Structure formats: structure tokens, C-alpha cells
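Dear colleague,

Please find below the structure that I am handing over to you, with its sequence. My notes on what was found in it follow directly after.

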Amino acid sequence: MRPRHLRRRGTLAVAVTTLAVLCAGQTLAAPQAAAAPAPAAAQDVRTSPASEVHAAEDAAARAVAAALTDPSWRVRVRQAALTSDEVAVTALADGALKTTLAAADRRIAAAKGLAPDVGPLLRLRLGDPSMRGALTAGTRPWVAAATSDDGPVTAYDSAGRTHTLDARKTPARPVYVIDIDGSRALAAGLDVLHEELARHGVRSDGPAPEPQQARTSAAAEGFWTTRVSAVSLSDDLEPWIKGDAEIYTLVTGFGHDGKVRVDPVDMPYLDDDGAVYRPQQILVNWSSYKYNLADAVMMEDDGSTNYRDLAKAIAAILLTVTDQGAYIPLVNAVLDAIPDDWWTDDPDYVDSWYTLARTDNGTRHGARGNGWMTLEPYFVQEL
């Protein structure tokens with residue numbers, strides 16, 4: 001298992017204002033009504049995407065554990081877990097178990113705001129490489145769902161019994177972890193984010209330039225970008241139960257029409273904390289922006305992000321920011337847009353870079369001090 005990245009825990013380094021969720025001032029009902037709450041009140045409670053995803057993963061973990069009483073299934077899963085970092089467990093299963101896991105896949109997709117046809121999202125992996133020896137020797141594994149907090153881990157055995165494990169101490173017994181295919185989910189989620197931002201009135205992902213910009217671009221026979229030549233994130237000592245992080249960056253600025261735009265950039269290669277990656281990836285396409293400045297907010301999807309809700313929250317705040325004829329940093333606006341309760345889970349704030357310029361050429365450290373990027377101007381030549 002590779003380490004996770006920079007999950008946001010505790011107090012934020014950047015002040016994040018809570019979006020209005022005015023439930024704290026709710027008036028208490030009469031004593032007799034409190035004893036028997038009205039059915040309508042229960043219907044008003046909205047289950048969070050995180051709890052929906054975790055419930056689906058937990059149900060899948062219990063089902064997989066129960067199926068381990070079948071010797072043929074037990075051997076099939078063991079072989080798959082020992083030969084692959086991640087196992088497409090829904091495809092591996094059959095019969096009633098496959099039906100159960102397929103239902104959990106659909107539940108997860110709905111909770112994340114993804115289309116039902118996104119494909120199987122559930123994955124099974126061995127909790128830690130140190131467990132390989134015991135699993136190979138025939139020790140009966142337990143099964144646990146990947147958690148999104150640092151509390152105790154609940155694992156299930158094939159008899160349905162629960163076992164509490166320390167998230168910070170790798171157990172000697174092998175544990176299969178049920179998690180989400182983060183790469184598949186994030187790729188589909190960023191498509192949803194593009195679509196939903198546009199639907200709510202925030203430009204995204206490079207619209208055609210205005211006529212004047214088009215003529216300028218044609219004359220130059222290309223356009224200027226900022227390219228990431230090197231990037232690294234700090235180590236956060238994540239527990240064994242976590243899977244791989246999925247990192248993406250929201251690049252923000254003002255488009256040629258003077259309105260705020262957001263361009264999500266997937267950074268799937270950021271696997272190991274402390275490692276230096278040299279992706280040569282384009283981060284900012286300056287032909288899409290009015291000013292010579294843009295901001296970047298790096299995020300991590302821990303599996304429970306609802307991308308439709310994220311787009312709606314970002315649009316609601318950014319559409320209130322207007323062009324004043326000079327560049328306005330947008331990092332704080334993006335952070336303020338994310339509902340306060342999301343900071344306890346998903347998506348997690350990794351780091352941010354204020355006022356990136358087209359002429360930046362060198363290493364820029366993030367505002368939180370959790371990462372750095374080496375940037376360089378890069379001209380994309382037309383064919």
C-alpha cells in the first residue's frame with residue numbers, strides 16, 4: 001500500500017467560513033411531540049455522501065467476509081490479493097455476492113454524483129505488504145472497509161464477528177480492505193465537475209477565445225502555458241487502512257469575459273509522499289485567462305466527494321466575485337465555498353498557490369507548506 005497524501009485534519013491554516021446551514025437555532029417541540037417525532041421530520045434529514053459511501057463499503061466488507069466460508073472463493077481472493085495491488089472484487093465475485101457488490105457500486109456512484117454506468121468502483125486490497133506472509137501461510141483474513149477518519153477500524157471475520165483494530169498500528173493478521181477505485185472515480189468526477197460548473201454559470205476547461213484573442217493566438221501560432229516540471233508533497237504518516245490518494249488541482253482566474261473560471265487538473269501520478277515527480281504537465285493555459293495571474297488549490301479526493309455538490313458550492317461563491325479591472329486572488333473564495341463539515345472528511349485541502357504568473361520560472365512553495373512545484377513558462381506551438 002502506498003501512503004495517502006496530506007489529509008486535512010484539525011484546525012485549518014486558512015480560515016474557512018461555513019456555508020449557511022441554519023439548523024442550530026431549531027426550536028424544540030413540545031414534550032409530548034419530542035417523545036414521538038413526526039415522520040416528516042425524519043424525511044428532512046439528508047444523509048451525507050461520506051456516510052452513504054462508507055455504509056456501502058461496510059456492507060460490501062461484511063458480504064465479502066461472509067463469503068470467505070466458501071473455500072473456492074477464499075482461494076480465489078487470496079491469489080488475486082497476492083498478485084495485484086488492487087482487485088476488481090465485483091468482477092471477481094459471482095452469484096448472490098456479485099449482486100450485493102453491484103448494488104453497493106450503484107449506491108456509491110449515486111452518493112458521489114456519478115452516472116450509474118461509471119462502472120464497478122469497489123476494489124479489494126491487502127491492508128499492508130507486511131501481511132503477505134501470514135496470508136500466504138493460510139491465516140484466515142478479516143475484511144474491513146477503508147475508513148476516512150483516524151478512529152478505530154472495524155473488521156469482520158467469516159462468522160460475522162466484529163474486531164476492532166488500531167488505525168495507527170498495522171495488525172499481524174492479514175486484512176482485506178474494501179475501498180474505491182479512486183482513479184476511475186476521480187476521472188468521472190472531474191467530468192461531472194466540468195459539466196456542473198458550466199451548468200451553474202462558471203466557465204471551465206478552455207472555451208474558444210474571443211475574436212481578438214483568436215487573432216492574437218493565430219499570429220503567435222500557439223499559446224503560452226505554465227508547466228509543472230517537478231512537484232512534491234510532504235509526508236503525513238497516514239494509517240495502514242488508507243489507500244492511494246487521488247490528487248487534483250483547481251486552477252482559478254478570470255476569463256476573457258471578466259467572469260471567474262475554474263479549470264480542474266487531474267494529477268494521478270502523485271502517489272508517494274516525499275517523492276519528487278517530474279510530470280512536465282501543463283497546469284495553466286494562459287490563453288483562457290484575461291489577466292497574467294491565476295491561483296491554484298490542490299485537493300485530495302478520499303472517496304466520498306459528491307462532485308455535483310462540490311460544483312454547486314463553488315459556483316455559489318465564485319459567481320459573487322466580480323472583475324474590478326485588476327486581478328483578485330481566488331484561493332480563499334474556493335476554500336470558503338466548501339461546506340464546513342466537508343473539512344472533517346472529503347474533499348481534503350492539500351495546499352494552495354496564490355498569484356501564479358505566466359513568467360514564473362522556478363520553485364514555488366504552497367501557502368500551507370505542504371508541497372512545492374517547480375514551474376516554467378512553456379509555449380505550445382501550433383502544428
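**Strand pairing and helix packing**

Strands β1 (residues 122-126) and β5 form an antiparallel pair with five bridges. Please note that this is a predicted model. Within β5, Asp179 is the residue that stands opposite Arg123.

Strand β5 also pairs with strand β2 (residues 142-145); these two run parallel and are joined by four bridges. Here Val143 has Tyr176 of β5 as its bridge partner.

Turning to the helices, α3 (residues 49-67) packs with α6 (residues 95-111) at an angle of about 170°, and their axes are 9 Å apart. Because angles over 145 degrees count as such, α3 is roughly antiparallel to α6. On the α3 side, the contact comprises Pro49, Glu52, Val53, Ala55, Ala56, Glu57, Ala60, Ala63, Val64 and Ala67. These meet Leu97, Thr100, Leu101, Ala104, Arg107, Ile108 and Ala111 of α6. Sorted by class, the residues of this contact are 13 nonpolar, one polar and three charged.

With kind regards

Methods: Residues numbered from 1 in each chain as written. Predicted model: local features only at pLDDT ≥ 70, side-chain atom pairs only at ≥ 80, totals over all residues. Heavy atoms only, no water. Axes fitted to C-alpha atoms, helices over the stretch in contact; angles between N-to-C directions. Parallel < 35°, antiparallel > 145°, perpendicular 65-115°, else oblique. Contact = heavy atoms within 4.5 Å. Nonpolar A, V, L, I, M, F, W, Y, C, P; charged D, E, K, R; others polar. Pairing = 2+ DSSP bridges.
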